[in-house]
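Visitor: I am new to this structure and would like to know what stands behind the words used for it. Please take me through them one at a time.

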Amino acid sequence: MTNHANTVETEQCAGHVLVRLGGEVDLSWSQDVRRAVLAALQGGLPVGVDLAAVDYIDSSGIAALVEGLQGARSRGVAFALIAVSAQVRAVLELARLDRVFTLAATTDEAFAGP
Amino acid sequence: MPSHPRDGPALQPPGLGPEPPVASAQALIDVHQLQAWYGRRRVLHGIDFRVAAGEIRVIMGGSGSGKSTLLRHLIGLQRPASGTVKLFGTDLGTASERELLAVRKRIGVSFQGGALLTSLSVGENVALPLREHTRLDESTIRIMSRLKLEVVNLGGFQDLMPGQLSGGMVKRAALARAIVMDPRLLFFDEPSAGLDPVVAAELDELILRLRDALRMTIVVVTHELESAFKIADTITVLDQGEILMTGAVEAVRAAPNTRIQDLLNRRPREVQVDAETYLRRLTEEEG
């Protein structure tokens, strides 16, 4: 199992904002993740959360993503989880949230037009 | 068997023997020569018990076998009369209050009767550990506690009071509270007792999914054989305060030990009578 450092980085991309998470998203710093996700919504652009480097996420991390999705919906912008690992997917499935979030392999796939 | 990186590597299910070959340094739970007494009656006779990260361990035994006493020691409700109980490397017998609190934040306990606070709603019961032990934003607490209610199939029941729930719902609400902090180590006392077969099977499935998704190490105390065989990586069989064996499911099923087979086949034990001891028990003065 690869262990990544705990990181949250926000990148302004063409037409969307990408929040990249890494490491173990748990109670000890999930509030930082929450703040970053909510801040990313402020510009009114679609938001993707890249989870490729997430080794572990607990339900406080999932709660941050849920709040992000709810915030995006209230603003009428798209919100997607990108490159979801098997562990993250298992947690989403545990709460049946895999049926609620948009899951995509890449940002292109997530935000491609109709 | 998955494990959390901070818990050390997961081990293969151990084989037949009195205790699995889990090195102490790798064990999340490490019990050594634990003895417990109620008055002059010894109820645990020098228990050695180790559980590795990522494992589902079932403790099985009949009434009076000592499994509830062992559980009380494992969750820190009872201090060892002799021997040691270590969780995450912390000796519960010598730990300071601060160290005990740190351990308690990393474990969840689902009690047999639920132990919900009757003056609080279901949602408030589930959120209680988060309010007591974290400084999370209120919206995060609300989402986390409702997520856990969804996980146990009680979505939308957060405003009910415990008295309005059925026995199975109380058990599931108690489990939601036990897992709301995503504990590394979950103790579950008699999950299937008193439940209808469908709800019991759902709980078994949930225990397996919790281990796999959230990488929990889970200790289940039960006398329900079907449930034990379905969920266990390893089974510890207790009888009269002693561990008869610890082994994988198939090893326990095939164990030649008469007392284990009596338990598995629900054969009543023949009560041994020592005339002198029996007479003394009947006639001895109290005190």
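Visitor: What makes strands E3 and E4 of chain A a pair?

Guide: In this predicted model, strand E3 (residues 47-57) of chain A is joined to strand E4 (residues 79-82) of chain A by four bridges. A pair needs at least two bridges, so E3(A) and E4(A) qualify. The two strands run parallel. Within E4(A), Leu81(A) is the residue opposite Val49(A).

Visitor: Which sheet of chain A has five strands, and in what order?

Guide: The sheet is open, with the order E1-E2-E3-E4-E5 in chain A and mixed pairing. Strand E1 (7-13) and strand E5 (102-104) of chain A are at the edges because each has a single partner strand, which leaves one side of each without a neighbour in the sheet. On average, neighbouring strands here are turned by 25° against each other, direction ignored.

Visitor: How do you know that helix H3 of chain A packs on the sheet?

Guide: Helix H3 (residues 86-94) of chain A touches E3, E4 and E5 of chain A. Touching requires heavy atoms within 4.5 Å. The direction of H3(A) makes about 100° with that of E3(A).

Visitor: Now to chain B. What makes its size agree with that of a compact globule?

Guide: For 287 residues, the rule gives a radius of gyration near 19 Å, and chain B has 20 Å, so the two agree. Along the principal axes, the C-alpha atoms of chain B fill a box of roughly 65 × 40 × 40 Å. Chain B has 10 helices and 10 strands.

Visitor: Why are E2 and E5 of chain B called edge strands?

Guide: They belong to an open, antiparallel sheet of four strands in the order E2-E1-E4-E5 of chain B. Strand E2 (41-52) and strand E5 (90-91) of chain B each have a single partner strand, so one side of each lacks a neighbour in the sheet.

Visitor: How many bridges join E1 to E2 in chain B?

Guide: Nine bridges join strand E1 (residues 27-38) of chain B to E2(B), and the two run antiparallel. At least two bridges are needed, so E1(B) and E2(B) count as paired. Ile29(B) stands opposite Val51(B) in E2(B). Helix H1 (residues 67-74) of chain B lies across E1, E2 and strand E4 (82-87) of chain B, at about 125° to E1(B).

Note on methods:
Residues are numbered from 1 along each chain as its sequence is written. Chains are lettered from A and ligands numbered from 1 in the order in which they are written. This is a predicted model: local features need pLDDT of at least 70, side-chain atom pairs count only at pLDDT 80 or more; totals for chains, interfaces and linings use all residues. Side-chain values use heavy atoms; hydrogens and water are left out. Axes are lines fitted to C-alpha atoms, for helices over the stretch in contact, and angles run from 0 to 180 degrees between N-to-C directions. The radius of gyration is taken over C-alpha atoms; the globule rule is 2.2 Å times the number of residues to the power 0.38.
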